[in-house]
Amino acid sequence: MDRPWPQDDAAPTASVPHPDEVDPAVLGALLARHGWRRRGGAPGRYARWTPPGRLAGGTSLLVPESRDFPDSADLLGEALIALSRSAAPSAREVLTGLTVPSDEIRWRREVPESRGGTSAWTAQERLRAAARDTLVAAALAARGRAGYYGARHRRAAEASLERVLTGPPGPESGGRELTVFMPVEEDGRATAVTLLRALYALRDAADYHRTTGGMEAYDAAVAAGVCRELTEAVIALVQGTEGARVALEWSPGAGPPPGFAARPDPVEFSPGDLPGLREAGARYVRDEPSVPVSVTGAVVRLRRTGPGGPGTVRLRVLSGADVAQVRITLDEEDYRIAGHAHLVGLPIRVRGRLESRGGFRRLSGATGVTPVEVDEAERDRLVKSLQENLDFFEEACGGGP
């Protein structure tokens with residue numbers, strides 16, 4: 001399995017869990033999920049499983065039904081070793097499901113058959129990007145509902161996906177299929193639940209729009225986790241295809257969350273949904289209000305056209321807003337306060353409205369610029385940053401008082 005976030009690395013070999021850590025029922029459920037076929041065995045004691053497809057005549061596994069028999073641990077150990085040596089791509093997916101209890105999310109794009117590897121590689125990259133954006137949108141919505149997030153919560157949402165694993169694409173997928181393993185611990189299950197709920201709501205809204213032309217269902221879908229980021233991800237998933245689908249299967253060990261079916265229906269979208277999705281995305285951006293905030297941040301950039309007058313300041317946000325940086329236009333006096341605070345290694349606090357235009361990266365109506373005391377370690381770090389960029393700072397200040 002490989003981790004596509006934050007960067008793509010070579011896929012490491014799937015680890016083999018210890019037999020004592022494996023529930024035979026979970027192993028059987030994962031084998032069935034990934035297309036392995038049960039072909040007899042001693043009823044009530046063990047089952048024989050063979051891999052799917054052309055590898056069906058190869059390795060077979062003897063999997064005990066339970067731990068009630070003396071040889072159960074030995075059979076489990078042998079089955080796990082055989083899985084680790086199997087040439088079937090699904091074997092790695094089964095091992096991942098055992099090692100990291102995960103909900104499995106599967107994307108499929110209906111694209112034409114590709115004769116050359118280049119087209120298949122391009123299609124796979126597009127699919128991976130769309131899948132990643134879909135998960136980021138769900139992770140954002142799991143932190144609070146909004147029609148448009150922009151830069152808000154993005155650092156936390158992306159950090160929550162660092163433990164996500166992707167399955168091997170398979171030699172015959174042609175860039176059409178991708179499987180992601182979302183660990184159920186920490187924020188993983190919440191993201192999976194939010195994604196499924198939001199996709200269902202988005203499907204219903206798209207159906208309503210295609211039937212009536214109305215956008216009311218898209219507006220109501222925000223409460224279920226639908227947002228501009230999700231509509232953009234689904235557009236990228238569907239564009240250039242005959243259709244796309246997303247399916248989710250719960251971790252056999254954790255089971256389904258309360259209120260959800262054991263086997264949720266997949267959600268499908270088609271090119272006919274694209275006009276409504278685009279209109280809804282634009283609507284979410286337009287209707288998302290600005291947010292009143294009081295931001296504390298370190299000045300990382302100052303700019304004005306001359307030695308006096310107003311100027312623009314960029315802050316690295318320390319608290320008060322769920323964004324990494326904001327830009328602020330300040331009058332001459334507040335600009336001077338911000339510059340002096342930066343010179344002595346102090347952050348500033350400023351009130352204003354975080355504007356949705358530009359992705360919530362700009363603070364308008366800024367007032368009350370005030371230096372803020374910090375501990376010595378943070379102050380030393382800020383001063384060091386100043387010293388490294390002193391020439392730029394002097395130029396930005398324009399040599400004024």
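Trainee: Which residue does R33 meet in a salt bridge at 3.5 Å, N to O?
Mentor: A salt bridge here is a side-chain nitrogen of Lys or Arg within 4 Å of a carboxyl oxygen of Asp or Glu. This is a predicted model, where local features need pLDDT of at least 70, side-chain atom pairs count only at pLDDT 80 or more, and totals for chains, interfaces and linings use all residues. Residues are numbered from 1 along each chain as its sequence is written, and side-chain values use heavy atoms, with hydrogens and water left out. At 3.5 Å, N to O, the partner of R33 is E249.

Trainee: How many residues apart in sequence are the parts that R33 and E249 tie together?
Mentor: Helices (H or I, at least four residues) and strands (E, at least two) are DSSP runs, numbered from the N terminus. R33 lies in helix 1 (residues 24-33) and E249 in strand 7 (residues 244-249), so the parts they tie together are separated by 216 residues.

Trainee: Is E249 buried or exposed?
Mentor: Buried means under 20% relative accessible area, exposed over 50%, and partly exposed in between (1.4 Å probe, protein chains only). E249 has a relative accessible area of 18%, so this residue is buried.

Trainee: Which residues are joined with E249 into one network?
Mentor: E249 also forms a salt bridge with R263, with the closest N and O atoms 3.8 Å apart. Salt bridges that share partners join E249 into one network with R33, E104, R106 and R263.
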